[in-house]
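Subject: Structure handover

Hello,

Here is the structure I promised to pass on. Please open it beside this email and follow along.

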Amino acid sequence: MNSTAKLPKIILASTSPFRKALLKKLRLPFTTESPEIDETPLPNESVIDMVNRLSHAKAQAIAEKHPNAIIIASDQSATYQGKAVGKPHNYQNATQQLKQFSGETIHFNTGLVVFDGRTQKTYQTLDITQVSFRSLTATDIHNYLTLEEPYQCAGSFKSEGLGITLFSQIEGKDPNALIGLPLIDLTSFLKQCDIQLPFL
């Protein structure tokens, strides 16, 4: 398939502006829709199991309303020393998070599901990105939080912005995954759905 005119409907099961911006990089026509699912962790559920489960649940919630569409869904959770890292929501909590992460490494687990309603096939993967922080001073943390206010971001940073100044190293397969959508794996899944990128 090499023409956008022949494409099935493609829906991103998210209203995240970050994921929307990432998907736009592939120059595919798509719409977005909120899956509106309960994202509460299950008892004794690991972070990785939760991310995989929620990615699949988001895709299915949208697929039920749009037969024959291709649904793209993702979920992400960060972990530090095996425990989930939440969103700070305010300056004080963000300061505490970044102080804790100074000189340490956290892991971002990003799940991806592509469901092809035409064939009923599901393609699923998990991307794990390691983010190592340099030693951060109180001034580093204050200046960063004042400038970027990343209070709705797990880990208290935006890697696509000034957050990159906090890191000593990033290890992972796909830098897009850290922002919220693993485009390398997504491109591979779309190819299996007979959508060969890039288009002219």
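One definition first: strands are DSSP runs of E, at least two residues long, and they are numbered from the N terminus. Keep in mind that this is a predicted model.

**The largest pocket**

Which strand or helix gives the largest share of the lining of the largest pocket? It is S3, with five residues. S3 covers residues 70-80. H1, helix H2 (47-63) and helix H5 (175-179) also supply at least two residues each. The pocket holds about 820 Å³ of space. By type, the lining splits into 16 nonpolar, 11 polar and eight charged residues.

**The nonpolar cores**

In soluble globular proteins, nonpolar side chains tend to be buried together. Here, the largest nonpolar core has 22 residues. Look for Leu28, Ile72, Leu186 and Ile195, which have the most contacts inside this core. Several elements supply at least two of its residues each: strand S1 (10-12), helix H1 (17-24), strand S3 (70-80), strand S5 (105-116) and helix H6 (183-192). H6 gives the most, with four residues.

Now click on Leu186. Leave aside its neighbours within four places in sequence, and Leu186 is in contact with Leu23, Leu26, Ile72, Leu112, Val114 and Leu181. There is also a second, separate core of 19 residues. Phe101, Tyr144, Tyr151 and Leu166 are included in that one.

**Two residues to look at**

Start with Thr79. This residue sits in strand S3. Is Thr79 buried or exposed? Its relative accessibility is 10%, so it counts as buried, because the cut-off for buried is under 20%.

Next, Ile37. Find this residue in the loop between strand S2 (31-32) and H2. Ile37 has a relative accessible area of 23%, so it is partly exposed. Which residues does Ile37 touch, beyond those up to four places away in sequence? They are Leu54, Ala57, Lys58 and Ala61. Take Ala57 as one case. Ile37 and Ala57 are 20 residues apart in sequence, and their C-alpha atoms are 7.4 Å apart in space.

**Backbone and cysteines**

Most residues other than glycine have a negative phi, and most peptide bonds are trans.

- Glu149 has a positive phi, near 45°. Glu149 is in the loop between helix H4 (138-148) and strand S7 (167-171).
- Asp194 has a positive phi too, near 70°. Asp194 lies in the segment after H6. At 46% relative accessibility, Asp194 is partly exposed.
- Leu197 and Pro198 are joined by a cis peptide bond, with omega about 0°. Pro198 is in the segment after H6.

How many disulfides does a search of the whole structure find? The count is zero. Cys153 has a relative accessible area of 13%, so it is buried. Cys193 is buried as well, at 2% relative accessibility.

That is the tour. Write back with any questions.

Best wishes

Note on methods:
Residues are numbered from 1 along each chain as its sequence is written. This is a predicted model: local features need pLDDT of at least 70, side-chain atom pairs count only at pLDDT 80 or more; totals for chains, interfaces and linings use all residues. Side-chain values use heavy atoms; hydrogens and water are left out. A nonpolar core is a set of buried Ala, Val, Leu, Ile, Met, Phe, Trp, Tyr and Cys residues joined through side-chain atoms within 4.5 Å. Buried means under 20% relative accessible area, exposed over 50%, partly exposed in between (1.4 Å probe, protein chains only). Contact means heavy atoms within 4.5 Å. On a 1 Å grid over the protein atoms alone, a cavity is a set of points where a 1.4 Å probe fits but cannot get out, and a pocket is an open set with protein on both sides within 12 Å along at least five of seven lines; lining residues have an atom within 4 Å of a point. Grid points are joined across faces, edges and corners, and a volume is the space filled by probe spheres set on the points. Ala, Val, Leu, Ile, Met, Phe, Trp, Tyr, Cys and Pro count as nonpolar, Asp, Glu, Lys and Arg as charged, and the others, Gly among them, as polar. A disulfide is a pair of cysteine sulfur atoms within 2.5 Å.
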